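Please look over the protein chain displayed here before reading the notes. They are arranged by topic.

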Amino acid sequence: MSVKSVQIRKGKEQSLLRKHPWVFSGAIFSEISDIEDGDVVSVEDFKGRFLAKGHFQHATISVRILSFEDSEIYQEFFNKAIKNAVQLRMNLGLLNPNNNIFRICHGEGDHLPGLIIDFYNGVAVIQCHSIGMFRSIDFISKALQEALGSNLKAVYSKSSDTLPERIESKDEYIFGNCETPHLATENGVQYQIDWVKGQKTGFFIDQRDNRNLLGKYSFGKKILNTFCYSGGFSLQALNQNASLVHSLDSSKKAIELTDANVSINKFKGQHASIVADAMEYMKELKEDYDIIVLDPPAFAKHRDKRHKAIQGYKRLNAHAIRQIKSGGLIFTFSCSQVVDKYLFTNTVIAAAIEARRNVRILEQLHQPADHPINAFHPEGEYLKGLVIQVD
Ligand code: SAH
């Protein structure tokens, strides 16, 4: 089938030749008024030579590239791409008796820009960040059924928060059905996941490896887990015999999720929850903690908010560094894409200077392998963290 095309200015083909998967609106010089949001288009250079194919959208990122070959973007295309994505997660051993929570598709990192798919013990939750992906949702659902076979019980489409308002999208099951909350397992710990009522797709899968690492340090320790959401870090710490865990979040709903998750696992250690603003609470801690976890939401979603975000990270980290027990550990994170790992490390160092304490970096943390970074799209790197020891 013939597809519409867009032509880009001389010189603007360079990033596509390096396989970067975005075309910005300013690069396009051809008429686009007859192209609809979500249409598959061919991208051509100024002489009309084919460069790539992708989903068009009337937005700053005008085309998200799906293929650098002139292939048809139909069922077969999605079958192949999703099979590849599932295969990677199987090779990583993420579906096993101890774990059935993982990300199946991480947008550009799986060569499917605009598409996030998370897997929770038999249920795939799809979150589309582009109209083209949303219009392809039936292809995607069928491709998931083919790739996962009997491992897949249901597919839930949840894009009402991530698509532009002009698109009508209902959050609903598009294959099978599943009651929520739904029990799923991460590294041997059970969580009740609710993608219908919860934030994002229901759980922050990207911290799996870092929670596991916290578990390794937790035996007999007193831990404060701030920005806990559904208690991911708290539960791994309790599972590895932390003596006391305090979970803090400003959202009452999040704390309810944490409490429910703690109660379904039979842990020996003590647990208490706190509904509070973390920045306020951290000003004066009521306990001597061995370990503090700082995992705030993205303080900067855009470059122009970066400066303010850094001040926020610095303040938060300085509070923790100033008050933690001598020899204590801080697990500190940033998921702001515009704050890179060097800037984040320097910000934590600045916080240590302000708090006037000696700090050593023990571990440098990042997003896990089921959130891969396309080497030609460095913007895909977003989660970074440090484990620091305060002398
Ligand atoms: N660490 C979590 C994920 C954190 S998501 C996990 O492992 O699953 C960020 C959380 O920060 C959300 O639950 C949100 O409700 C909470 N939050 C946002 N602003 C906050 C604030 N000022 N104080 C405390 N919690 C906050």
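The notes below go from the whole chain to single elements and residues.

This is a predicted model, in which local features need pLDDT of at least 70, side-chain atom pairs count only at pLDDT 80 or more, and totals for chains, interfaces and linings use all residues. Residues are numbered from 1 along each chain as its sequence is written, and side-chain values use heavy atoms, with hydrogens and water left out.

**Whole chain**

- The protein chain has 10 helices and 19 strands; helices (H or I, at least four residues) and strands (E, at least two) are DSSP runs, numbered from the N terminus.
- The radius of gyration of the protein chain is 22 Å, which agrees with the value near 21 Å that a compact globule of 391 residues would have. This radius is taken over C-alpha atoms, and the globule rule is 2.2 Å times the number of residues to the power 0.38.
- The C-alpha trace spans about 65 × 45 × 35 Å along its principal axes.
- Of the 391 residues, 54% are buried, where buried means under 20% relative accessible area, exposed over 50%, and partly exposed in between (1.4 Å probe, protein chains only).
- Contact means heavy atoms within 4.5 Å. Among contacts between residues at least 6 apart in sequence, 63% join residues at least 24 apart.

**Surface and charge**

- The accessible surface of the protein chain is about 18100 Å², and 49% of this area belongs to carbon and sulfur atoms. Areas come from the Shrake-Rupley method with a 1.4 Å probe; for residues, only the protein chains shown count as cover.
- The chain has 47 positive and 45 negative charges, whose mean positions are 5 Å apart. Lys and Arg count as positive and Asp and Glu as negative, while His and the chain ends are not counted; the place of a charge is NZ of Lys, CZ of Arg, CG of Asp or CD of Glu.

**Strands 11 and 12**

- Strand 11 (residues 182-186) and strand 12 run antiparallel and are joined by five bridges; two strands pair if DSSP finds at least two bridges between them.
- Leucine 183 has glutamine 192 of strand 12 as its bridge partner.
- The two strands form a hairpin with two residues between them, and asparagine 187 in the turn has a positive phi of about 45 degrees.
- Strand 12 (residues 189-193) has Val189, Tyr191 and Ile193 on its covered face, with Gln190 and Gln192 on the uncovered one.

**Backbone exceptions**

- Most residues other than glycine have a negative phi, and most peptide bonds are trans.
- The peptide bond from threonine 180 to proline 181 is cis, with omega near 0 degrees. Proline 181 sits in the loop between strand 10 (172-175) and strand 11.
- Histidine 111 has a positive phi, near 60 degrees, and lies in the loop between strand 6 (101-106) and strand 7 (115-120).
- Asparagine 121 has a positive phi near 40 degrees and is in the loop between strand 7 and strand 8 (123-128). At 30% relative accessibility, asparagine 121 counts as partly exposed.

- Leucine 224 is in strand 13 (residues 222-226) and counts as buried because its relative accessibility is 0%.
- Not counting residues up to four places away in sequence, leucine 224 touches His246, Met282, Leu285, Tyr289, Ile291, Ile292 and Val293.
- Serine 230 is in the loop between strand 13 and helix 6 (232-239); serine 230 counts as buried at 3% relative accessibility.
- Leaving aside neighbours within four places in sequence, serine 230 is in contact with Phe203, Leu235, Ala254, Leu257, Thr258 and Asn261.
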